[in-house]
Amino acid sequence: MSAAETRSGSTEEKSDKWLDAYRDPVASLYTFTQCITLADIQADGDWKLIIADLGTGMFNMKLKVYKGTNLMSENTIIDLPTGVVTFYMDLNEPRTPAIAVASGPYIYIYKNLRPYFKFTLPQIEVNAVEEDLWNQMKESSLNVYVLREMLEGMRADGTPLTVRSLRFLQLQDGADMVAFAEMYKNTPLKKQTVITCLGTMKKSMAEEDAISCLIIGTESKCIYVLDPEAFTVLATMPLPIVPVFLSVTGMFDVEYRIVASCRNGCIYTLKRGTTDTEKSFIELNSQPVGLERIGKTIYVGCMDETLQCFTSKGKKLWTVQVPASITTIEVLDYKTKGFKAVLVALSNCEVHLYKEKYLVDIIKTDSVVTGMRFGRFGREEGALIMTTRGGGLIIKILKRNVVFEERDLTGGPPAAQNVKLNIPKKTKLFVDQTMRERENAVAMHRTFQRDLYLLRLRAAREYAKALDKSMNPISSDPTEPLKLAAQVQGIGPVFKMTVNLQNTSLSQASVNLLITFDFDDKLYNFKKTYIPVPMLVPGLNYAFETFIECLSDKGVSDNVKVYVLKEGKNIPIITGVISMPVSETLVVV
């Protein structure tokens with residue numbers, strides 16, 4: 001165990017699939033997945049770890065290169081980095097890749113660990129009205145208060161403004177506004193976008209060391225394809241919203257596909273010749289926190305604690321609910337074993353490994369993982385680099401003899417559920433029935449339709465009969481909206497019947513009602529066959545009770561009908577039919 005591991009006093013559980021290579025909880029590395037990469041930048045077979053450190057967010061932003069666990073090189077970055085990639089920009093020998101760091105509106109290119117070139121994004125056309133307002137301010141024909149009012153109106157209308165106008169609107173004091181206007185009086189108005197995400201794409205060949213183009217996502221809702229040799233824009237693809245994650249496959253000169261996850265919670269797919277991005281997009285239930293692609297499937301980690309999988313055409317395949325919030329995701333591509341899976345870092349200090357929708361491994365850490373990168377590091381083929389929220393660095397190595405079982409570690413349905421049933425062969429009877437159905441399909445369909453119509457007709461007739469004789473427990477009379485429910489209690493020979501009445505009207509009370517019963521007097525004897533009903537207040541439930549004595553000891557029963565009548569009407573308002581239970585034999589002791 002290293003000295004750094006000894007200092008940490010870690011309680012991390014040992015895994016049977018990973019080796020703990022290095023752990024330093026005080027490495028002071030503050031970064032995320034997009035700013036970590038692995039590359040053989042010296043063409044010596046020893047792969048280096050490249051990290052763009054965010055520092056404090058305002059100061060100490062640096063590009064750090066590690067050889068093993070030792071800091072090999074360090075370069076200062078002027079602005080906050082948003083992405084780091086390595087790419088081959090020429091055919092010179094030895095084949096050493098360049099490092100591209102996205103920071104603000106610039107791409108900083110490093111070759112042989114030294115600054116090589118700085119690319120600036122193209123400027124955006126300034127709004128004509130905004131430019132005219134600042135020109136009038138330059139000629140002293142416009143008051144600063146009028147300028148502020150006009151700019152606020154443009155911002156309220158949704159017009160994108162330049163950084164100068166936005167800073168001017170933040171000022172409150174009149175003297176500060178005048179001083180700000182004087183400062184930029186003779187400076188031309190410019191509008192510059194910034195980079196939000198970065199990726200690479202092979203230009204014309206698919207080899208690992210082939211020349212690659214840079215794919216740049218910007219705040220101006222555009223994706224630029226940058227030529228690696230002349231550093232010119234080869235293609236510009238507009239998007240309806242700002243992209244935040246990119247996944248690129250294919251070759252620019254042949255065929256390519258760019259999958260972009262945007263801030264509106266949608267995923268857009270861009271291909272060669274795409275003109276309308278609205279036709280091919282995936283709408284998510286919540287904002288994405290990570291996007292990866294394996295083959296023709298797209299994996300998306302969302303803020304609603306779900307990992308979702310889609311096809312390249314946008315069809316959802318499955319959704320997995322994870323136990324905590326997702327912080328980042330990364331692809332595990334172990335080429336030695338031909339194994340591909342998705343690593344999902346969670347806020348409960350765990351990293352879950354999913355093979356398709358099955359959880360195949362769990363890595364426990366001391367702190368929340370915010371950045372991950374899997375690949376070749378040093379001479380090892382399967383190294384997992386993890387940076388934590390507290391600035392720590394964890395390096396794990398996948399065991400060479402590791403075997404991942406493609407089954408879920410969590411509880412769920414048995415594995416036998418996924419086994420195909422042993423369906424027996426088709427018998428002669430089955431084949432004869434199939435032939436008969438094919439030959440008489442029309443006649444069988446007509447017979448089915450006829451029986452269905454007869455069933456519907458009989459049901460309608462019975463329903464009309466019930467309405468006509470008030471045989472339903474809910475009144476169909478709009479002037480007397482009542483609801484009846486009755487229940488029988490006891491084992492016999494004496495039963496207790498409770499009749500519940502409720503006025504379902506909103507404001508109209510029910511009066512002059514009574515309850516009576518229809519029964520076989522040779523089988524039952526009612527204590528009360530006539531129950532007067534008081535005024536029923538809307539919404540309240542009224543209970544009326546009576547006792548029934550069974551006169552037969554032969555174990556027979558019959559139906560009892562409950563009628564709710566109204567004075568002056570010869571047809572019941574509602575009727576309830578109660579099936580009486582079989583009475584127990586009276587035992588005389």
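## Ground rules

Helices and strands here are DSSP runs, numbered from the N terminus: a helix is H or I over at least four residues, and a strand is E over at least two. What you're looking at is a predicted model, where local features need pLDDT of at least 70 and side-chain atom pairs count only at pLDDT 80 or more, while totals for chains, interfaces and linings use all residues. Residues are numbered from 1 along each chain as its sequence is written, and side-chain values use heavy atoms, with hydrogens and water left out.

## What the record says

An unreviewed UniProt entry lists residues 18–271 as "domain: Bardet-Biedl syndrome 1 N-terminal". UniProt positions use the numbering given here, feature names are shortened, and annotations may be inferred rather than shown by experiment. In the model, that span is 17% helix and 41% strand, and its end C-alpha atoms sit 38 Å apart.

The unreviewed entry also has "domain: Bardet-Biedl syndrome 1 protein GAE", covering residues 482–584. This span is 0% helix and 53% strand, with 34 Å between its end C-alpha atoms.

## Two open sheets

Strands of a sheet pair through backbone hydrogen bonds, either parallel or antiparallel. Here, two strands pair if DSSP finds at least two bridges between them. Strand β8 (residues 106–111) is joined to β9 by six bridges, and Y106 has T120 in β9 as its bridge partner.

Another open sheet of four strands runs β14-β15-β16-β17, again with antiparallel pairing. Its edge strands, β14 and β17 (281–283), each pair on one side only. The twist here averages 15 degrees from one strand to the next. β16 (residues 266–271) pairs with β17 over three bridges, and Y268 stands opposite F281 in β17.

## The largest pocket

How is a pocket found? On a 1 Å grid over the protein atoms alone, a pocket is an open set of points with protein on both sides within 12 Å along at least five of seven lines, and lining residues have an atom within 4 Å of a point. The largest one holds about 2,000 Å³ of space, where grid points are joined across faces, edges and corners and the volume is the space filled by probe spheres set on the points. It is lined by 50 residues, with T37, T200, K335, R373 and F374 nearest its centre. β14 gives the largest share of the lining, seven residues.

Which domains does the largest pocket lie between? Domain 1 (1–30 + 323–399) and domain 2 (32–122 + 192–278) both give residues to its lining, so it lies between those two. The domain bounds come from an automatic or database domain assignment.

## The second largest pocket

The second largest pocket has about 490 Å³ of space. It is lined by 20 residues, and P105, V163, R167, K190 and Q192 are the closest to its centre. β8 and α4 (163–170) are the elements that give two or more residues to this lining, and α4 has the largest share, three residues. This pocket lies between domain 2 and domain 3 (128–184), because both give residues to the lining.

Technical notes: On a 1 Å grid over the protein atoms alone, a cavity is a set of points where a 1.4 Å probe fits but cannot get out, and a pocket is an open set with protein on both sides within 12 Å along at least five of seven lines; lining residues have an atom within 4 Å of a point. Axes are lines fitted to C-alpha atoms, for helices over the stretch in contact, and angles run from 0 to 180 degrees between N-to-C directions.
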